[in-house]
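Please walk me through this structure, from its overall make-up down to single residues.

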Amino acid sequence: MRILSILLTLVVAVSSNTHTNNWAVIVSTSRFWFNYRHQANALSMYRTVKRLGIPDSQIILMLADDAACNPRNAFPGTVYNNADRALDLYSNNIEVDYRGYEVTVDTFLRVLTDKVDTTTPRSKRLLTDEHSNVFIYLTGHGGNEFLKFQDAEEVSAFDIADAFAQMHAMKRYSEILFMIDTCQANTMYSKFYSPNVLAIGSSEFEESSYSHHADSDVGVAVIDRFTYYNLEFLEQVERKSSLTMQDLVDSYDYVKIHSHAGVRTDLYNQNLSDVLITDFFGNVQAVEIDNDEDDEDDDDE
Ligand SMILES: *[C@@H]1O[C@H](CO)[C@@H](O)[C@H](O)[C@H]1NC(C)=O
């Protein structure tokens, strides 16, 4: 018995720092044309994780509005994150899992905990397990310990903390990277209490997050500062990059971001210098038989 339990402890200790699959949940919670930048933030992160190898079948993309189709969009069908308009984020293979009024607090929390309706297609579910690293990115309007959804309701820091605790109890993750760009963003991770969660926010308590620049032809701001500089860093990352989460954190600069990005590491038992960016933004390049691979565009299972 004794030896068995020691062996089990060892297995648990070893497996707690290894992941065999990567998932991402990327959410823009705002409606209205003037919040164009929140969709651009989210679509930029979506593009980044896809570029680094996470397949659409392992990305849940939630967009509370559709700037591409907004009648005020001078460039219909597009979303750009830069006034140079070099990269249309909406151009190829955008797979939005939840859009418009489907993007609610309830839906978001149910996706995290997989307490979804039985008719929900696999492509819209977060089918993670205890070996999953999960990148969760949120952007929208927020305040002290809340983030607005649709201008109609709010998710609280407690709601997300409790959802993570349920995910942990249900063995739905190995590690979580939580990242949020909103006003007072760092308050959103202040209530977390579950293990193996690394959290990053754009701005402190009583501090706004700021947009980076506007495109005068689009007529609105097209990207937020915190996200802009994360993306600038992430653009250097390739699938085999040795850049670490510490490198990303070290790149945060108040002079550029105009707010104090925060990093919460007390629930995360690894040295960020040992954690590759691709541990969260990329996909494990393992040879595995994965039955989920072939349902990427198939909602009928
Ligand atoms: C993390 O690792 C780096 C590089 O090995 C080291 O310099 C640093 O002291 C470590 N930090 C902690 C908190 O252990």
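**A guided tour**

Start in a loop. Glutamate 206 sits in the loop that links strand 9 (197-201) and strand 10 (211-215). The model is predicted. In it, the phi of glutamate 206 is near 60°, a positive value in a residue other than glycine. Most residues other than glycine have a negative phi. The relative accessible area of glutamate 206 is 65%, so this residue counts as exposed, the cut-off being over 50%.

Phenylalanine 32 lies in the loop between strand 1 and helix 2. Its phi is near 85°, again a positive value in a residue other than glycine. Phenylalanine 32 has 40% relative accessibility, so it counts as partly exposed.

Now step back to the whole chain. The protein has eight helices and 12 strands. It runs to 301 residues, of which 55% count as buried. Take the contacts between residues at least 6 apart in sequence: 75% of them join residues at least 24 apart.

Next comes strand 4. Is strand 4 (residues 132-139) largely enclosed or open? Eight of its eight residues are buried, so the strand is largely enclosed by the rest of the structure. In a regular strand the side chains alternate between the two faces of the sheet.

Which strands pair with strand 4? One is strand 1 (residues 21-28), which pairs with it in the parallel sense over eight bridges. Within that pairing, asparagine 22 has asparagine 133 of strand 4 as its bridge partner. Another is strand 8 (residues 175-181), also paired in the parallel sense, over seven bridges. There, threonine 139 has aspartate 181 of strand 8 as its bridge partner.

What does phenylalanine 280 contact, leaving aside its neighbours within four places in sequence? Its contacts include Asn133, Val134 and Phe135, and strand 4 covers residues 132-139. Asn22 is among the contacts, and it is the bridge partner of asparagine 133. Glu175, Ile176 and Leu177 also touch phenylalanine 280, and strand 8 covers residues 175-181. Ile54, Met245, Tyr268 and Val275 are in contact with it as well. Phenylalanine 280 and glutamate 175 are 105 residues apart in sequence, but 8.7 Å apart in space, C-alpha to C-alpha.

Turn to a helix pair. Helix 2 (residues 36-51) packs with helix 5 (residues 225-234) at an angle of about 15°, and their axes are 10 Å apart. That angle makes helix 2 roughly parallel to helix 5, since angles under 35 degrees count as roughly parallel. The crossing of the two helices is left-handed.

Which residues make this contact? Helix 2 brings Asn41, Ser44, Met45, Thr48 and Arg51. Helix 5 brings Thr227, Asn230, Leu231 and Leu234. By type, the residues of this contact divide into three nonpolar, five polar and one charged.

Setting aside residues up to four places away in sequence, threonine 48 touches Leu231, Leu234 and Phe281.

Strand 6 (residues 146-149) and strand 7 run antiparallel and are joined by four bridges. Lysine 148 stands opposite glutamate 154 of strand 7.

Conventions
Residues are numbered from 1 along each chain as its sequence is written. This is a predicted model: local features need pLDDT of at least 70, side-chain atom pairs count only at pLDDT 80 or more; totals for chains, interfaces and linings use all residues. Side-chain values use heavy atoms; hydrogens and water are left out. Buried means under 20% relative accessible area, exposed over 50%, partly exposed in between (1.4 Å probe, protein chains only). Two strands pair if DSSP finds at least two bridges between them. Axes are lines fitted to C-alpha atoms, for helices over the stretch in contact, and angles run from 0 to 180 degrees between N-to-C directions. Angles under 35 degrees count as roughly parallel, over 145 as roughly antiparallel, 65 to 115 as roughly perpendicular and the rest as oblique. A crossing is left-handed if the near helix is turned anticlockwise from the far one by less than a right angle, and right-handed if clockwise. Contact means heavy atoms within 4.5 Å. Ala, Val, Leu, Ile, Met, Phe, Trp, Tyr, Cys and Pro count as nonpolar, Asp, Glu, Lys and Arg as charged, and the others, Gly among them, as polar.
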